[in-house]
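Please look at the structure below before reading on.

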Amino acid sequence: MKQEQLSSSGAVQRLPQTLMALAVAALVAGCSVAPKAITAEEVRDRVKADTARMYVDQAPITAPIAMEEAVARALKYNLDYRLKKMESALAMGLSDYAAYDMLPQMVASAGYTRRSNDSGGVSVGILDGEIAERPTTSDERSRSLRGIEFSWNVLDFGVSYYRARQQGDQFLIAEERRRKVVQNLLQDVRAAYWRALGAQRLNAQADDILQRASLALSRSREAETQKVIPPGLALAYQRALLDATTLLNQRRQDLEFARRELAALMNVPPGVEFQVAEANETALPTPPREIAKLEDMALLQRPELREEDFRKRITADEARKQILGVLPGISFNYGRRHDSNVYSYNNSWSEGGVSLAWNLMRLVALPAMKDAQKYQEATDEARRMALSMAILTQTRVSAERYKMALEDFKLADQAAQVDTRLAAFTKASMSAKLESELEVIRTQARAVLGQYQRANAYANAHIAFGRLYNTLGFDPIADDFEGNDLAQLTERIKGHLKATEKDAFALSSNLFGRAATVNVNLAGIQDPVQQVRMKALVTELLGRHQIATDAKDGIELKLAFAAAENNGVEKASWTLELTDGSGQPQKARFATTIPANARASVYESSLVAALNANLGDIKSWLHVD
């Protein structure tokens, strides 16, 4: 009986161990994850969803597309540009987020604790070493804890400050990359448009000539077989026709591919056919002569070099961050706590303190850190110098290519005129002989080929002009076009294209003469720190459009802010006032809605939006191209 009791008691003792083992096994089994392949249905759903979103909210094509509309559609709908906009928005969001790292930490905590028996213990006398026989406790078995603590580390603040500055520079780098995409889009659309237009103009003639050439080849072979004309002459005719047909097909294919390229740039859905609008062949600008000034312009305006300027600032801030890491860190903390323990005399209390921590071993790494900083600065400088040399070379090569492209077009134009006159002469002098008819077809095929070569040379001249324009870092349009619809953006692009056709390389840029200069005066902003930040934003934005800021000699540009709160939101507005070059006062207003008591960055964003919305007016008031 006693053994049974012992056995039963052992089983009871082993039961919790068994349950614990089973629980652990179940937990381990639940934490294991087996690889799961993507099903074909999931892939099809993803493809269907992506395809639907690629072409959403696009204006339908209802008429032949002109050059300015093609550029506008590329800026509105091109997926590469959408990606760069999202990357820029992401960098802006990260910049705002990084600013919060400079704030002190405020941690709220709450918890509950329970133990199966009492804590406590006995005490030992310090003087006599006697042990108290009666154990005591000062903690309940079950109790709750809660508190809130405010802490601030000076070293973390400094590191967060430089990290926020670096993230701000990363946003500016993203903006320069977005600028580059806009510049490349204009160049690519210009190239595809003129090549597609050349193909469209000549397709009907090419089809007719190719059919006639095929028929002439058959007749020539038949005449050779029947010995109507000498074999040598027949073979020469056949060879000439085949050469002309081959070249015609090659030129036709080259230009025809441009239509597909143009469709891809505009993000046209597959299966949607469109025509390229007819355009008059405008006289291209004369080749530039002052190459040195073009080089200066490229070095000042190219997004790649401006990106390197921001990288230099990032490297400098990284060096400052590392130096801060060597310094001692001072932490301040203050908190309020509560313990529900009934044995406590004071259940609620406040506590605070100051601590100093210094990792002395970091001092050993200081020399190596300084050497690494020097190497990084030298690497950045070498990369910037190499990029500058590449840009200088691109500028000179692009200018020379544009000059040569104009010469090629002149020769192609003269050759096309000769081929056309020769075809007309041959047709007029055609006799009833078979060889005479074959010669007419051959000369007409050569005339169409000459027209293709002329169209290709004209397109190449536009491409070379666009490449040179892109090499100099010109912005085809100001950054305030995001709010424009397709029609408005098309008109703005049209005005820009007309301006470049008139005198693209007059070198009247403000970079080489007296720049338009304004004196920024902010009104309605009481915080002096925010005023400084806003003025820096205005200076940066206007500087990108060749408008300098000078507190002494500049024309006063007054930016007045006003807001009225209503139902938790603020009806905010910015008023821009400036006296133009003719002495006439000019005024513009930008209204928006922002949350009440919003953070400073929201007000700064509203100022940037106001400047972008009225940048075109400001430039016209200041007579800036």
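How do the residues of the lining of the largest pocket divide into nonpolar, polar and charged? In this predicted model, the lining of the largest pocket holds 20 nonpolar, nine polar and 16 charged residues.

**Largest pocket**
- The volume of the largest pocket is about 1,900 Å³.
- The lining comprises 45 residues, and those closest to the pocket centre are Met92, Phe171, Arg533, Leu537 and Glu604.
- The largest share of the lining is that of α5, which supplies nine residues.

**α12 and α13**
- The axes of α12 and α13 approach within 10 Å, with a crossing angle of roughly 30°.
- Angles under 35 degrees count as roughly parallel, so α12 is roughly parallel to α13.
- The crossing of α12 and α13 is right-handed.
- On the α12 side, the contact involves Gln530, Arg533, Met534, Leu537, Val538 and Leu541. On the α13 side, it involves Ala600, Tyr603, Glu604, Leu607, Val608, Leu611 and Asn612.
- Sorted by class, the contact of α12 with α13 has nine nonpolar, two polar and two charged residues.
- Arg533, Leu537 and Glu604 take part in this contact, and these residues are also among those closest to the centre of the largest pocket.

**α3 and α5**
- Helix α3 (residues 67-77) and helix α5 (residues 154-225) have axes that come within 10 Å and cross at roughly 140°.
- The two helices α3 and α5 are therefore oblique to each other.
- Their contact is formed by Met67, Ala70, Val71, Ala74 and Leu75 from α3, together with Val182, Leu185, Leu186, Val189, Arg190 and Tyr193 from α5.
- By class, the contact of α3 with α5 has ten nonpolar residues, no polar residues and one charged residue.
- The crossing of α3 and α5 is right-handed.

**α7 and α9**
- For helix α7 (residues 291-301) and helix α9 (residues 366-428), the axes come within 9 Å and the crossing angle is roughly 135°.
- That angle makes α7 oblique to α9.
- The crossing in which α7 passes α9 is right-handed.
- From α7, the residues Ile291, Leu294, Glu295, Ala298 and Leu299 meet Ser388, Ile391, Leu392, Thr395, Arg396 and Ala399 of α9.
- The contact of α7 with α9 has seven nonpolar, two polar and two charged residues.

Conventions
Residues are numbered from 1 along each chain as its sequence is written. This is a predicted model: local features need pLDDT of at least 70, side-chain atom pairs count only at pLDDT 80 or more; totals for chains, interfaces and linings use all residues. Side-chain values use heavy atoms; hydrogens and water are left out. Axes are lines fitted to C-alpha atoms, for helices over the stretch in contact, and angles run from 0 to 180 degrees between N-to-C directions. Helices (H or I, at least four residues) and strands (E, at least two) are DSSP runs, numbered from the N terminus. Angles under 35 degrees count as roughly parallel, over 145 as roughly antiparallel, 65 to 115 as roughly perpendicular and the rest as oblique. A crossing is left-handed if the near helix is turned anticlockwise from the far one by less than a right angle, and right-handed if clockwise. Contact means heavy atoms within 4.5 Å. Ala, Val, Leu, Ile, Met, Phe, Trp, Tyr, Cys and Pro count as nonpolar, Asp, Glu, Lys and Arg as charged, and the others, Gly among them, as polar. On a 1 Å grid over the protein atoms alone, a cavity is a set of points where a 1.4 Å probe fits but cannot get out, and a pocket is an open set with protein on both sides within 12 Å along at least five of seven lines; lining residues have an atom within 4 Å of a point. Grid points are joined across faces, edges and corners, and a volume is the space filled by probe spheres set on the points.
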